[in-house]
Amino acid sequence: MIRGRVWKFGDNISTDHIAPGRYFHLRNNLEELAKHVLEDAMEDFAKKVQKGDIIVAGKNFGLGSSREHAARIIKIAGVSCIVAKSFARIFYRNAINVGLPVIELKEVDEINQGDELEIDLENGVLKNLTTGKEYRFTPIPKFLLEILKEDGIVNYLKKHGSFPRV
Amino acid sequence: MGKTLAEKIFSEHTGRDVKAGEIVLARVDIAMAQDGTGPLMINEFRELGFKEVKVPKAFLFIDHASPSPRKELSNSQKMMREFGKEMGVKVFDAGDGISHQILAEKYVKPGDLVAGADSHTCTAGGLGAFGTGMGSTDVAIIFGLGQNWFKVPETIKVVVNGKLQDGVYAKDIILEIARILGSDGATYKALEFHGSCIENMNVEDRLTISNMAVEVGAKAGLMPSDEKTREFLKKMGREEDFRELKADPDAVYETEIEIDADTLEPLVSLPHYVDNVRKVSEVEKEKIKIDQVFIGTCTNGRLQDLEIALKILEKHGKHPDVRLIVGPASRKVYMDALEKGIIKKFVELGAAVIPPGCGPCVGIHMGVLGDGERVLSTQNRNFKGRMGNPNAEIYLASPATAAATAVTGYITDPRRFI
């Protein structure tokens, strides 16, 4: 069960918003790069975000580059889950690979900055503890949930030696 | 039931008949990472305990920050060279050019499965290969195992019929597709190109279109492999790599869009999203002043792109207030342009010709914009901050529109200069 406070973003948050190219030299120093996470979408996000917080965004979150650093630094910053209307393909896969839960929910517009959410990944239930509303989302496919449970594909492969069964 | 190109290529790489929607384990022919994604790829390769590289063709490219502008990047690049030596992986270094262009010139064959830690790996689709961008960890797994899991995508059929008018180019076709589909219109899907305009188009132009498939969210942008493909491979000295490869006539598509090349006009993508597309003829009326013009990148840095731009600039000259940057996409493009006298003419025109590589497109060096400045670039992306400064604006267009803009100093329809 995931529980956390909401940071609200709009549509089309690109990997350039998340990990700007001007910090290219920090790509091999993720703790430092994480100090600039989402800087071009919300200037003071990295300073204010706290462990366990949840990002709620519009459509096409993570569009653009294949830079896995984007998913990694969101996780390093303490974010426990991203809820969005939709995700760009490469970002979605990267997030699962690094053990960052990503769920698609149509009703994100009903969630506000600062709301407290509770998310049950396996059963596909999101509760907004602030408004009392409950939502159902299509649970993450089992194949990917297995990877998330081991905190990412590297841990999964090290432990099991092969990919989850399709 | 017939197969799409994506289904054909995944069937060949799994050894069984697969359909869209299936999750499969597929062997990969070509895998690569660049200097932005390579160091993390190497870390994860080591973390996974791999001792050798098992993908048949594996490469590392130093193209994003090359030559290196600062010590942190130099250290990352050093790490890539050392890994390359240890594992017997070829490293293309500063001055060699951009990964996608080099792969197209030297290695990609029709029917290949190409996975790269760079989103524009979909460029390989121009040669009838399934090229797709992935993260560093996924590519590390491919380096170590020679395979990874994939979901066979549904396909959107894109039919482009007719003939492009003078001053209208392949770049305008892909901008039109971005306008129609939007930046998420093909998410999790493949694009597959059909129609008389595509059939008559050379591979250089097809690469421009496939390159930007990811800008509508697509996993791949697949072109047929036909006589045009054979011509290109012959020109690259590897005709033996040719084979014809097309979708079956009765393949099943998720949806279909049509574009009429005859009526297409030059287009421009406005800040800060690629799908924010308008006609240049309309935008021209607003007299949007441009400070810098960049002709290059994996989208439009090929020889014919430089030739198209030069033809306009030679005739009309460069506006004194515009900074013009020209970046050949590869060493081969650079050499060909040198031999044809193109580089000399650009230098005489007042251009800054930079070494082959990604150049200013990734916001690290050689063309970072000042506050409030505007650039018109032939690259593929105009996200806020992309070129190193979130307080600047990036416009995207064809090499012809870029050249016409460099002539006048504001966004200009190239048709009156042709």
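In chain A of this predicted model, residues 24 or more positions apart supply 60% of the contacts that have a separation of 6 or more. The fold behind that figure has 7 helices and 7 strands, and reading from the N terminus the elements go β-α-α-α-β-α-β-α-β-β-β-β-α-α. The radius of gyration of chain A comes out at 15 Å, close to the 15 Å that the globule rule gives for 166 residues, so chain A is as compact as a globular protein of that length. Along the principal axes, its C-alpha atoms take up a box of roughly 45 × 40 × 25 Å. Of the 166 residues in chain A, 65% are buried.

Two loop residues of chain A deserve a look for their backbone angles. Asn12(A) has a phi near 55°, a positive value in a residue other than glycine; it belongs to the loop between strand E1 (2-8) and helix H1 (15-18). With a relative accessibility of 11%, Asn12(A) falls under the 20% cut-off and so counts as buried. Asp151(A) also has a positive phi, near 65°, again in a residue other than glycine. Its loop is the one between helix H6 (142-149) and helix H7 (153-160) of chain A. At 39% relative accessibility, Asp151(A) counts as partly exposed.

Turning to chain B, there are 15 helices and 18 strands here. A compact globule of 418 residues would have a radius of gyration near 22 Å, and the 20 Å of chain B agrees with that. The box filled by the C-alpha atoms of chain B is roughly 55 × 50 × 40 Å along the principal axes. Buried residues account for 67% of the 418 in chain B. Taking contacts in chain B between residues at least 6 apart in sequence, 75% link residues at least 24 apart. The accessible surface of chain B is about 13,900 Å², and carbon and sulfur atoms hold 47% of it. Chain B has 53 positive and 60 negative charges, whose mean positions are 3 Å apart.

Helix H5 (residues 136-145) of chain B is largely enclosed by the rest of the structure, because 9 of its 10 residues are buried. Among them are Val139(B), Ile141(B), Ile142(B) and Phe143(B), along with Asp138(B). Just past H5(B), Gly146(B) adopts a positive phi of about 75°.

Chain B also has a couple of cis peptide bonds to point out. One joins Ser66(B) and Pro67(B), with omega at about -10°, and Pro67(B) sits in the loop between strand E3 (57-61) and helix H3 (71-87). Another joins Pro271(B) and His272(B), where omega is about -5°. His272(B) is found in the loop between strand E12 (267-269) and strand E13 (277-279) of chain B.

Finally, the two chains meet. The contact draws 41 residues from chain A and 52 residues from chain B. Between them, about 3,900 Å² is buried, and carbon and sulfur atoms contribute 58% of that area. On the chain A side, Phe24(A), Arg89(A) and Arg93(A) lose the most area to chain B, together making up 20% of what that side buries.

Methods
Residues are numbered from 1 along each chain as its sequence is written. Chains are lettered from A and ligands numbered from 1 in the order in which they are written. This is a predicted model: local features need pLDDT of at least 70, side-chain atom pairs count only at pLDDT 80 or more; totals for chains, interfaces and linings use all residues. Side-chain values use heavy atoms; hydrogens and water are left out. Helices (H or I, at least four residues) and strands (E, at least two) are DSSP runs, numbered from the N terminus. The radius of gyration is taken over C-alpha atoms; the globule rule is 2.2 Å times the number of residues to the power 0.38. Buried means under 20% relative accessible area, exposed over 50%, partly exposed in between (1.4 Å probe, protein chains only). Contact means heavy atoms within 4.5 Å. Buried area is the accessible area (1.4 Å probe) that two parts lose on being put together, summed over both. Accessible areas come from the Shrake-Rupley method with a 1.4 Å probe; for residues, only the protein chains shown count as cover. Lys and Arg count as positive and Asp and Glu as negative; His and the chain ends are not counted. The place of a charge is taken as NZ of Lys, CZ of Arg, CG of Asp or CD of Glu.
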